[in-house]
Amino acid sequence: MRQQRLLNPTLRDVPGDAEAASHQLMLRAGLIRQLSSGIYSYLPLGLKALQHIQTIVREEMDRAGAQEMLMPALHPAELWKASGRWDVYGPELMRLEDRNGREFALGATHEEVITTLVKDEIHSYKKLPVTLYQIQTKYRDERRPRFGLLRGREFLMKDAYSFDRSTSGLDASYQAMFDAYVNIFTRCGLQFRAVEADSGAIGGTDTHEFMALADVGEDTIVHCPSCQYAANLEKATGSITNTRNSHTDLATTQPVKVHTPGVTSIKQLSQFLHIEPQHIIKSVAIQANSTPVIVLVRGDLDINEIKLKQVLGVEDIVMLSEAEIAGLGSIAGFIGPIGLSTVRLLADTSIQGLQNAVVGANEVDYHLQHVDVERDLGELNYVDVRNVGQGENCIHCGHELSFAKGIEVGHVFKLGTKYSESLGASFTDENGLSEPMIMGCYGIGVSRVLAAVIEQHQDERGIIWPNAIAPYAIHLLTVQLKDEAQLKLSEELYQTLTRAGFSVLWDDREERPGVKFNDADLLGFPLRITVGKKAGEHVVECKERRSGASYELTVEQLLPHCQ
Ligand code: ATP
Ligand code: MG
Ligand code: MG
Ligand code: MG
């Protein structure tokens, strides 16, 4: 490809609203452009990189025995009602009506569609197991789309679904996908960790998340440097309070016991919890079901009680005014009075839980273990307080645990029979008996992987593409196009390299050399070949983007070197 004709609008300055490095670089390098919040166009170079990731995903899925297909993005509401998720999925599901008033959803995930399809097409044990996958655009009305492709509202996902006759069959299908994921992320050049995750509301048993390690990641990984143990925070702290998904069932959390040495005021609490200054606490809400959750609302946000209930998906909440909070003493001090006076009015079932909270407050070994204020709860930051006992030591080997930030790039999940039962996907076994199929589901955020790769592979000058993903392998750069020797040699090299099977972008633009070199660093292809002053002697300069190593080669040496 000749750069002169390429749609590649590079930017010199960092776009003001882009926080994540990958987001900034994708805009600066002209890979993507935003159409609306969380919705992006891929320009030619961005699309090429995305396609390379898709190719890797396809190869590994196929190799694992999965079959590719493609399902619609537009789903009739009846399917989601049949599984029960029309009501519980919450506002993340994009909903619309057709001209006749029939309700539809834009696919956020495809369990309903695939299960219905398999129910209609597979009836016998002889056709099982089967794993089907697609690479397709998903829609989720994220509360807080951000970081460019890392959290979009329209994004590309690979989703796979396995159907088995037995739990041991599911174990095998799950393992095959797990192994494929390891291959995929390794080939993409990602530094990642597979961590145990919580099965949460979706219902199921085993589940792992694949986390690309990066500070910008919204998830926290707990891992043991000494043994194999690695889990996401929810799993590690032994409870599910994933309020990010409003469909998560908060009522299954354990009663809370709180021990907060030396914290006697809300101000100290905020320091103790490492809350940013701009996140000054305005209100505290306590869920009054059997499981108290303390919610700290950012002071700079206008969150009312109704909204908070919606977000948390709970019915009873206690809101405190700023003045009330100011008047409170220790945490134990304020849970007590609220629990016993106000909450009783709301729901009797709540009292036990809150009493536990109070009782545990001063006990030894009950820690205010984790505090995840930065977790994306949309406009809310929340803290959830859990009883994790000895929490800081690894349960497997006693070693101290480490924490890291991660980007969830993939998720594998043993679903069991939740969808096959609600949607009626069953098969007849050898004895003619009807059984529900046993399912697994497996997602990869393909477009998120692209951003995660850039997050991990960049420096102050730009992107440093891993070979497997780079839009082009070679950036051929001509310093002076007006110089006949340089032009002629560049043309020859472009032809030769392209014919030899290399993907080459030739910078044949009439730009100052400085601009070209800067753009080459920004675009970050693995090898830059510069045709300059020594063109007459058939000598070019090679520069490796990653190592920074540069050396001169004769044209004769060049081809063998590239291979
Ligand atoms: P998150 O916790 O980041 O919201 P999720 O757990 O809701 O992700 P899944 O339902 O497990 O996501 O979807 C499978 C994969 O799709 C995720 O592992 C992630 O890589 C990707 N993904 C999910 N939401 C988004 C999004 N808004 N933008 C880009 N990729 C996403
Ligand atoms: Mg999500
Ligand atoms: Mg998740
Ligand atoms: Mg997930």
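**Figure 1. Helix α14 and its burial.** Val446, Ser447, Arg448, Val449, Leu450, Ala451, Ala452, Val453, Ile454, Glu455 and Gln456 of α14 are buried. Eleven of the eleven residues of α14 are thus in the buried class, and the helix is mostly covered. A residue is termed buried if 20 or more other C-beta atoms lie within 10 Å of its own, exposed if 12 or fewer do, and partly exposed in between, with C-beta atoms placed from the backbone. Helices (H or I, at least four residues) and strands (E, at least two) are DSSP runs, numbered from the N terminus. The model is predicted: local features need pLDDT of at least 70 and side-chain atom pairs count only at pLDDT 80 or more, whereas totals for chains, interfaces and linings use all residues. Residues are numbered from 1 along each chain as its sequence is written, and chains are lettered from A and ligands numbered from 1 in the order in which they are written.

**Figure 2. Packing of helices α1 and α14.** The axes of α1 (residues 21-28) and α14 come within 8 Å and cross at roughly 100°. That angle makes α1 roughly perpendicular to α14; angles under 35 degrees count as roughly parallel, over 145 as roughly antiparallel, 65 to 115 as roughly perpendicular and the rest as oblique. Axes are lines fitted to C-alpha atoms, for helices over the stretch in contact, and angles run from 0 to 180 degrees between N-to-C directions. On the α1 side the contact is made by Ala21, Ser22, Leu25 and Met26, and on the α14 side by Ala451, Ile454 and Glu455. Contact requires that the C-beta atoms of two residues, placed from the backbone, lie within 7 Å. The contact of α1 with α14 comprises five nonpolar, one polar and one charged residues. Ala, Val, Leu, Ile, Met, Phe, Trp, Tyr, Cys and Pro count as nonpolar, Asp, Glu, Lys and Arg as charged, and the others, Gly among them, as polar.

Figure 3. Of the 15 residues around ligand 1, Phe155, His411, Gly443, Gly445 and Arg448 come nearest. A residue is near a molecule or strand if its C-beta atom, placed from the backbone, lies within 6 Å of it. Two or more shell residues come from each of β8 (154-164), β16 (402-416), β19 (438-445) and α14 (446-456). With four residues, β16 gives the most to this shell. By class, the shell around ligand 1 has three nonpolar, seven polar and five charged residues.

Figure 4. Strands in the order β23-β22-β24-β25-β26 form an open sheet of mixed pairing. Because β23 (504-507) and β26 (550-554) stand at the edges with a single partner strand each, one side of each is left without a neighbour in the sheet. Neighbouring strands of this sheet are turned by 25° against each other on average, direction ignored. Two strands pair if DSSP finds at least two bridges between them. Strands β22 (residues 474-478) and β24 (residues 527-531) run parallel and are joined by five bridges; Ile474 has Leu527 of β24 as its bridge partner. Helix α16 (residues 513-523) packs on the sheet, touching β22, β23 and β24, and its direction makes about 175° with that of β22. Helix α15 (residues 484-499) also lies across β22, β23 and β24, running at about 165° to β22.

**Figure 5. The three-stranded sheet.** An open sheet with the order β4-β6-β5 has antiparallel pairing. Its edge strands, β4 (74-76) and β5 (94-97), each have a single partner strand, so one side of each is left without a neighbour in the sheet. On average, neighbouring strands of this sheet are turned by 35° against each other, direction ignored. Four bridges join β5 to the antiparallel β6 (residues 103-106); among the partners, Arg95 is bridged to Ala105 of β6.

**Figure 6. Strand β7 and its partners.** Strand β3 (residues 67-68) pairs with β7 (residues 130-139) in the parallel sense over two bridges, and Gln67 stands opposite Leu132 of β7. The pairing of β7 with β8 is antiparallel and spans ten bridges. Here Thr131 stands opposite Ser162 of β8.

**Figure 7. The setting of Gly169.** Gly169 belongs to helix α6 (residues 167-187). This residue counts as partly exposed because it has 17 C-beta neighbours inside 10 Å. Not counting residues up to four places away in sequence, Gly169 touches Pro129, Asp164 and Ile438. The C-alpha atoms of Gly169 and Ile438 are separated by 8.4 Å, although the two residues are 269 residues apart along the chain.
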